[in-house]
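Here is a short briefing on one protein model. Read the points with the structure open beside you.

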Amino acid sequence: MSKPMVQLKTLDYLLPIPPLTLMILFPILISSLPSHFSLVQPPRPPLPILPIPNTHQLSWQFTEMAFFFHFGPNTFTNSEWGDGRADPSVFFPAKFDPRQWISVAKSSEFSRVILTAKHHDGFCLWPSDYTDYSVRSSKWRDGNGDVVGELAAAAREGGVQLGIYLSPWDRHDRSYGKTVEYNEYYLGQMNELLTRYGEIKEVFLDGAKGEREKDMDYFFDIWFNVIHQLQPGAAIFSDAGPDVRWVGDEAGVAGSTCWSSFNTSAAKIGNTDPLYSQGGDRRGHDWVPAECDVSIRPGWFWHESEAPKSALTLLDIYYKSVGRNCLLLLNVPPNSSGLISEEDIQVLQEFSRLRNSIFSNNLAKNAVVTASSTRGEAGNSPFDGHHVIEEGIYTYWAPAEHQTGWILYIDLEKTIYFNVLQVREPIQMGQRIISFHLDILNACGDWKKAVNGTTVGYKRLLLFPRIEARYLRLVIERARADPLISYIGVHLDPYSNLTSSSDTSQRSVSKGVKFFNKLKSITLSSIHQGVGYGGESGTGVYGGGSGRSSNTRNWGTTDKLQGTESSDGMMMDGIGGGSYRSGSSNLMTGGLDLGVRGQGVKNFGQSNGGERTQGPNTNMGFAGFTTSQVDDYPHTEPSAANPTALDSSVSPDSSLVEPAALEYEASPRTEEVVR
């Protein structure tokens, strides 16, 4: 009889509650819910736009800067490219201390290091089972030393990521030139490096090989698969990826327009168009961001007669590499005692101090940010504009769907001086922004353009002459899809002396005048001179149409053009320093008020001593560039009392929201200030 009683009670509990009781209880129940609970469904996140990075590509990008350690017999023989015949006994770093290397990296805020485990001379810095040409045959540590092993242990201890460089070109091993035999030899050594020393975060490969060397086919596809099999978290670097690409020069400078999207099918290791590498491909369907390699000294290996670059030069390179959506790979060669030289350390410490002085304080961190539109309910959306002053890529502003006129209004709450703009995209959602600009509200209540930019990606830094303002607006002009912004920073750089807000600016008027005179004297030519054999001689001439509406023409041999927008005044792409011994330079001319721009491409020959110097390079031809006009959109006149009133007339043409395409087309470049 007890069971029916229980059943009756259950039925009684389930009887309908009177409406009046519900009206009383409902507000009480709602108020007792957690604050984060909502009966309203949050707005859906936007879909990523392909391509997007994988996990190890994201990890690579987050490091921002890495050290390259060129170390080996060349350090002791005062050479750059060893011939593979140096006696192993020359390698004797008496004070070798990899903990010092890691300490310098950490104190300089470099979180990854890459070691030349084997350079072109074939000498191995670990005791390989496949050759006697290694540390095992040296007198250092009585033949029991292991540079790779000791550096790996120091990196783990210091919390720094480790990468390795294993040169495909080997001037010592007799199997080089025998395709199958050498590929087996190379993979055997790669297997040793990837299985003996713990986690490897990057494997650096290149197609470097001197003139008149043996023909050799590398089985890159097999290598790449084996690397990912043995080290799934490693990013593979080469001219053509698959994970990270070479930027196309050894001056540490990316293109002022730089896409992480790329077509690996359009690139070949050892023979990739450097302009394509510098700029990437807006329509590319592979995610292959660029790595910018440059040495702190003129050479890649340590030479007693050479001195390091200045901290200001490194800061300039930082703007043009990390500040253009790339990773900076800075070579810091240990000396013949096995230590990083004191003069290099001093420069690195000063470089770190300069960066922290500029970027550790976001002058917009307390700003009030409003948006022209927001995905979801403004003020109660996970995609609100205020997220752009929060660090990190996983919170971001997203505009309302299917709208144009993408604007963020920023009230700094007081008038400040600044000359650097930082913008970031949440790259896990794909790279979207094609062009943008920053306006400031002047004393007359008018919006005045401060600086233009093109691509953003993980991080974009724009440096311009110092201005004073309280009210700003960031206008996204063109995008591949609805633009997303994860971070905006406003900074003051008191060290860089800019005199104009053209596409790129020189440090002083005198350099600009000299460059302009040089430009006139060579009749709008881009000329590269150098010594050594292996280069082609001639003159490269790049000119352009006038004004803002010139048609694309291609005369001569150049087959890929990068668009530019003409502007008032002089535009310069800067002069990138040479990567090897004296005299190397990468000369890139900018446009004039006629809308003219030329860009030189450096080519390397090889000197009789085995070192690379810049060979004469020329690509004869005259090319006109299509200008991509980005007008100053008409706008209503805001007032100082209402500076952030939404301006519906400031809206890009909706036709500029373009889906990804398969073919390559260089993206137009608008005026932007990048030193």
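**Aromatic rings**

Tyr218 and Trp223 are both buried. The model is a predicted one.

- The structure holds 37 aromatic pairs. In the pair of Tyr218 and Trp223, the ring centres are 5.5 Å apart and the planes meet at 40°, so the pair is tilted.
- A pair of aromatic rings is described by two things: the distance of the centres and the angle of the planes.
- One aromatic cluster includes Phe67, Phe91, Trp101, Tyr133 and Trp140.

**Helix α8**

- Which residues of α8 are buried? They are Phe220, Trp223, Phe224 and Ile227. Seen down the axis of α8, its buried residues fall within an arc of 100°, so they line one face of the helix.
- An α-helix has 3.6 residues a turn, so residues three or four places apart point the same way.
- What do the buried residues of α8 pack against? Their partners are α7 (179-196), β4 and β5 (235-238).
- Asp221, Asn225 and Gln229 sit on the other side of α8, where they are exposed.

**A nonpolar patch**

- Val180, Phe219 and Ile222 make a nonpolar surface patch of about 250 Å².
- Phe219 belongs to the loop between β4 (202-204) and α8 (220-230).

**Cis peptide bonds**

- Most peptide bonds are trans, and most residues other than glycine have a negative phi. The next points go against that pattern.
- Leu50 and Pro51 are joined by a cis peptide bond, with omega about 0°. Pro51 is in the loop between α2 (19-31) and α3 (55-63).
- From Gly241 to Pro242 the peptide bond is cis, and omega is near 20°. Pro242 is in the loop between β5 and β6 (244-246).

**Positive phi**

- Asn78 is a residue other than glycine, yet its phi is positive, near 60°. Asn78 is in the loop between α4 (74-77) and α5 (98-107).
- Asn325 also has a positive phi, near 75°. Its place is the loop between α10 (311-320) and β10 (327-331).
- Is Asn78 buried or partly exposed? Asn78 counts as partly exposed because its relative accessibility is 46%.
- Asn325 has a relative accessibility of 2%, so Asn325 counts as buried.

How values were computed. Residues numbered from 1 in each chain as written. Predicted model: local features only at pLDDT ≥ 70, side-chain atom pairs only at ≥ 80, totals over all residues. Heavy atoms only, no water. Patch = residues over 30% accessible without salt bridge, like charges linked within 9 Å, V, L, I, M, F, W, Y side chains within 5 Å. Areas by Shrake-Rupley, 256 points an atom, 1.4 Å probe, with all protein chains shown as cover. Salt bridge = Lys/Arg side-chain N within 4 Å of Asp/Glu carboxyl O. Helix = DSSP H or I, 4+ residues; strand = E, 2+ residues; numbered from the N terminus. Buried < 20%, exposed > 50% of the residue type's maximum accessible area, 1.4 Å probe, protein only. Arc of directions from axis to C-beta. Contact = heavy atoms within 4.5 Å. Phe/Tyr/Trp six-rings, centres within 6.5 Å; stacked < 30°, edge-to-face > 60°.
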